[in-house]
Amino acid sequence: MSDAENDRGQEPDATENNEPASVAARNDNGDAIEYSSAVHINSPLDRSLRNNTAELAATFDPEGVASDNNGKIKDALAAAAQITDENERLPHKTQFSSGDHAKRIAQIRKKRVPKTSIAKELSRMPPNKSDAETGLEVGKHTWRGLIAGVMSARKDAEAHRDAKLAEELEEARQAQKELDRREKEDADSQDKAKQTVTSKADARAKDDGAEPDAGGNGGPGDDGGPGGGTSGNAKSGASTGDPAKASATSGLGSIATPIIDTAKEVAKTVAPAATAIAMGVPPEAAVKSISDAVKTTGKILQGTDLQVTPPAKSLASPNQTGALFDQARSLARVSEPVRSIGPENPAPRVRAQGMGLGFASLIKAARALAPKEPGDISAAAWMQKRRDTDGLSR
Amino acid sequence: MIKSHEMPAWFLQEIDDDAPNMIGATTVVFERAERFFFDGVVACFLKQGKIPHSLEIVLDGDEMSCLARLNYGDGSDEAAFYISFEIESFALLWNADPASVHGIDGDNITLFYKHGAARYPFVCSAGINCELYYEGDRFLAQPDLEFAHELFMEEAA
């Protein structure tokens, strides 16, 4: 026999097999539910009882009462009065709070039958008489119906909460999409800017190369003029803010043809290296390629016996090969789009700009679940995470 | 709403049932749309403008007796009023832990529960005889099948 049975004062001759169904049911707490308004007799008192109470309460006069500064009690009194009125209009409002049930409660509280006598009585009942079990089954059935009702109400509440969470999740997803779209737009605009710079450099290089043919004023006499009038060389130098380069390129006018040929040779040599740089090859390898190109170009230049003032170094190419590199980049055509070196999807500086902290926290929570692919998180997983975090788990 | 398992000093003292500040009527609590209301003495006091500064409700788990104290004035024992309180309503408030009851802020309501093994018989809203008991910081309701069986036997006889 267990200690629990000893505590209940069950007789020693009552074995577990002969234990009455009622006692066995009591030992099992599986039927117990949390006390709530679903179980509570959730109605005001009867009118007569309330009136009697009001008369009694009127005879007491406490001193030093508190005040209803915020008016909450006044509002509650108005709401309670409305509920009471509605309740009194219902015909069966107090069916469980008075009458037979109240008498039965008073009776059983006054004189409860000892459990031992019930166990003894039931243990002596004939085994083929199933009346007791039938009565218990009826009670169990009714109780289970009540439990089902409570559970249904809980499920409804949980479904309501889940719907809210799903809505929040959807909003977070939409925000995520919007952010991704903006990020992509930023990346595209950056690419476009790069392409624009490249095309400008191309155009500048073309201007430099075509200037002797098109301008016709690129003679040596124009060298000393810092303004250079409206010639292409002057314009190019002014637009880049590099007068030294303008001067140097203007000096190329008289020896344009051999230089162009040389540049073409350079372009043929350097084009693969430039393409490789554009594709993200490490700079060391690119420098090596360009160094080889310089060597080749040097040989070519030595073969021409031309004394050419080297072009001024641009700010973007401070090393010794910068001038040739600029020429190569201006002449070579990169067939594939330029991509930035670094992570493919860099994090934006301000991700949740203008969304507010609450929205950012939603996104953060969604990302915390799937940091690699935040868009693929399932709604169920996210809600479960929210439940665990907020202590809403069942 | 403040919860405690330490009994207040006033509850440990002898309380005279015939004292002038002892009110022999009960108070219950009911709920509508997640709002909780008193009915009975406390509701009448509130309606009459006798708003207490705070409420202390004590449930003795051994004796299954419930008593509420309404604190007025300086909070002394003489200025307070004592009323009986429905045990089921105490369990309802303990489990629900509402932010306010009948407009009284939850911070001004303290629930005291003294541990005990007693089971309290009551009739639930479905008309089933049940037992109320305390387990794991919650009040649970379980159908009193023993009592049901007893009634069944009486009716059968």
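Trainee: Which side chain does a polar contact of 3.0 Å join to that of B:Arg119?

Mentor: In this predicted model, B:Arg119 is found in the loop between β9 and β10 of chain B. The side chain of B:Arg119 has a polar contact of 3.1 Å with that of B:Glu131. The contact of 3.0 Å joins the side chain of B:Arg119 to that of B:Gln142.

Trainee: Is B:Arg119 buried or exposed?

Mentor: The cut-off for a buried residue is a relative accessible area under 20%. The relative accessibility of B:Arg119 is 18%, and therefore B:Arg119 counts as buried.

Trainee: Which residue in β12(B) stands opposite B:Glu131?

Mentor: The strands β11(B) and β12(B) run antiparallel and are joined by six bridges. They form a hairpin with two residues between them, and B:Gly136 in the turn has a positive phi of about 60°. Within this pairing, the residue that stands opposite B:Glu131 is B:Gln142.

Trainee: In what order do the four strands of the open sheet lie?

Mentor: On one side of β11(B), the strand β10(B) pairs with it in the antiparallel sense over four bridges, and B:Phe122 has B:Cys130 as its bridge partner in β11(B). Strand β1 of chain A, residues 33-34, is joined to β12(B) by two bridges, again running antiparallel. The order of the open sheet is β1(A)-β12(B)-β11(B)-β10(B).

Trainee: Which are the edge strands of this sheet?

Mentor: The sheet has four strands with antiparallel pairing. An edge strand here pairs on one side only, and this holds for β1 of chain A together with β10 of chain B.

Trainee: Which residue of β12(B) is the bridge partner of A:Glu34?

Mentor: The strand β12(B) is mostly covered, with five of its six residues buried. The strand from chain A that is joined to β12(B) spans residues 33-34. For A:Glu34, the bridge partner in β12(B) is B:Leu140.

Trainee: Which element gives the most residues to the side of chain B that touches chain A?

Mentor: Contacts between the two chains involve 69 residues of chain B and 66 residues of chain A, and the rule finds 19 residue pairs in polar contact across the interface. Several elements of chain B each supply at least two residues to the side that touches chain A, among them β2 (22-32), α3 (87-96) and β12 (138-143). The element that gives the most, with nine residues, is β2(B).

Trainee: How many nonpolar residues are on the side of chain B that touches chain A?

Mentor: The area buried between chain B and chain A is about 5900 Å², and carbon and sulfur atoms give 65% of it. The rule finds 19 residue pairs in polar contact across this interface. On the side of chain B that touches chain A, 15 residues are polar and 15 are charged, while the number of nonpolar residues is 39.

Trainee: Which residue of chain A meets B:Asp39 in a salt bridge?

Mentor: Between chain B and chain A the count is two salt bridges. In one with a distance of 3.4 Å, N to O, the side chain of B:Asp39 meets that of A:Arg50.

Trainee: How many of the 10 residues of α3(B) are buried?

Mentor: The buried residues of α3(B) include B:Ile87, B:Phe90, B:Leu93 and B:Trp94. Just after α3(B), B:Asp97 takes a positive phi of about 50°. The helix α3(B) is largely enclosed by the rest of the structure, because the number of its residues that are buried is nine.

Trainee: With which residues is B:Thr110 in contact, leaving aside its neighbours within four places in sequence?

Mentor: B:Thr110 is found in strand β9 of chain B, residues 109-114, and with a relative accessibility of 14% it counts as buried. Once the neighbours within four places are left aside, B:Thr110 is in contact with B:Ile2, B:Leu55, B:Glu56 and B:Ile57.

Trainee: What share of the 157 residues in chain B do buried residues make up?

Mentor: Chain B has four helices and 12 strands. Among its contacts between residues at least 6 apart in sequence, 54% join residues at least 24 apart. Of the 157 residues in chain B, the buried ones make up 62%.

Definitions and conventions
Residues numbered from 1 in each chain as written. Chains lettered and ligands numbered in written order. Predicted model: local features only at pLDDT ≥ 70, side-chain atom pairs only at ≥ 80, totals over all residues. Heavy atoms only, no water. Buried < 20%, exposed > 50% of the residue type's maximum accessible area, 1.4 Å probe, protein only. Contact = heavy atoms within 4.5 Å. Buried area = accessible area lost by both parts, 1.4 Å probe. Salt bridge = Lys/Arg side-chain N within 4 Å of Asp/Glu carboxyl O. Polar contact = N/O pair within 3.5 Å; in protein donor to acceptor, adjacent residues only side chain to side chain. Nonpolar A, V, L, I, M, F, W, Y, C, P; charged D, E, K, R; others polar. Pairing = 2+ DSSP bridges.
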